[in-house]
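Please examine the sequence and the coordinates displayed below before reading on.

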Amino acid sequence: MLGPPGAGKGTQAARMALHYGVPPISTGAMFRDMAAQETDLGRALQGYLDRGEYVPDDIVIRAVEARTAEPDCKDGFLLDGFPRTISQAQTLEALLAGRKQQLTGVLVFKAPIEVLVQRFSGRRVCPVDGSTYHIETQPPLRPDVCDLCGTPLVSRPDDAPDVVQHRLEVYIEKTAPLRDYYRARGLLHKINAAPDPDTVFAQVIAVLDGLK
Ligand code: AMP
């Protein structure tokens, strides 16, 4: 899954994982968990996240390699937020080839900037289980607490306006070129990510069912 911050990749990934029974792998969520640990790596990761910068490719690749080697990924997996650079895409290609697996397709989520801004300014997350809400479009059952575990919800620190601005710039510079990379390989499928989650999900299913 490719797309700028705020495009709704996490929301759609959760639905796709349930619908198709494949594990969703979000590198962003993996790094947030690792950053919470009091280790040198954790502290270094927290720095990248807080600044809205990409984590270096070697760390990203090691994390993805280890996660996708776990038994639940044997019959396939869903990558949310990886690859994000051409070098990561090339490594993924080699990794999959070595395991006799192949990429089914690449979904690129597109939405106008106003929609992206509206999404991350209202986004709230549970610091314990990582579940995501939106104060207007996807509110929790009780205001400001997680439906699943009752923990008070927080804003993601990297959703602060100045960090978001930087994340969008980094996306345009480093990740947007992947669209051409995957278009040239006949793998790219555009999803209009502007409408509500049900409408977006209907498009996702239509594309993926066509690829199976
Ligand atoms: P996300 O939850 O996908 O928005 O990712 C949050 C943050 O994690 C990003 O802003 C990056 O700092 C980092 N990150 C996640 N995936 C990658 C990746 N594939 N390459 C580099 N950094 C990543």
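Predicted model: local features only at pLDDT ≥ 70, side-chain atom pairs only at ≥ 80, totals over all residues.

Q: Which residue places a backbone N or O atom 3.0 Å from a nitrogen atom of the ligand?
A: The cut-off for a polar contact is 3.5 Å between N or O atoms. At 3.0 Å from a ligand nitrogen atom lies a backbone N or O atom, and the residue that carries it is V55.

Q: What percentage of the accessible area of the ligand does the protein cover?
A: An N or O atom in the side chain of R156 is 3.2 Å from an oxygen atom of the ligand. On its own, the ligand has 480 Å² of accessible area. The share of this area that the protein covers is 96%.

Q: Is R156 buried or exposed?
A: R156 is found in the loop between β5 (132–134) and α7 (161–175), and its side chain forms a polar contact of 2.9 Å with that of D158. A residue counts as buried under 20% relative accessible area. The value for R156 is 12%, so this residue is buried.

Q: Why is the pair of Y181 and Y182 edge-to-face?
A: A search of the whole structure finds one aromatic pair. The ring centres of Y181 and Y182 are 5.1 Å apart. Planes over 60 degrees apart count as edge-to-face. The pair therefore has this geometry because the planes of Y181 and Y182 stand at 90°.

Q: Which residue lies over the face of Y181?
A: Y181 counts as buried, at 9% relative accessibility, and Y182 is also buried, at 2%. Over the face of Y181, at 3.6 Å from the ring centre, lies R185.

Q: At what distance from the ring centre of Y48 does R51 lie?
A: A charge sits over a ring if NZ of Lys or CZ of Arg is within 6 Å of the ring centre, with a further limit on the angle. R51 lies over the face of Y48, and its distance from the ring centre is 5.3 Å.

Q: Which side chain makes a polar contact of 2.6 Å with that of D196?
A: D196 is found in the loop between β6 (188–192) and α9 (197–211). At 40% relative accessibility, D196 counts as partly exposed. The side chain in contact with that of D196 at 2.6 Å belongs to T199.

Q: What is the polar contact distance between the side chains of S131 and D129?
A: S131 is found in the loop between β4 (123–125) and β5, and counts as buried at 16% relative accessibility. The side chain of S131 has a polar contact of 3.5 Å with that of Y133. The distance from the side chain of S131 to that of D129 is 2.7 Å.

Q: What is omega for the cis peptide bond between F82 and P83?
A: Most peptide bonds are trans. The bond that joins F82 and P83 is cis, and P83 is placed in the loop between β2 (78–80) and α5. Omega for this bond is about -5°.

Q: Near what value is phi of K100?
A: Most residues other than glycine have a negative phi. K100, in the loop between α5 and β3 (106–110), is exposed with a relative accessible area of 77%. Phi of K100 is positive, near 55°.

Technical notes
Residues numbered from 1 in each chain as written. Heavy atoms only, no water. Polar contact = N/O pair within 3.5 Å; in protein donor to acceptor, adjacent residues only side chain to side chain. Areas by Shrake-Rupley, 256 points an atom, 1.4 Å probe, with all protein chains shown as cover. Phe/Tyr/Trp six-rings, centres within 6.5 Å; stacked < 30°, edge-to-face > 60°. Buried < 20%, exposed > 50% of the residue type's maximum accessible area, 1.4 Å probe, protein only. Lys NZ or Arg CZ within 6 Å of the ring centre and 35° of its normal. Helix = DSSP H or I, 4+ residues; strand = E, 2+ residues; numbered from the N terminus.
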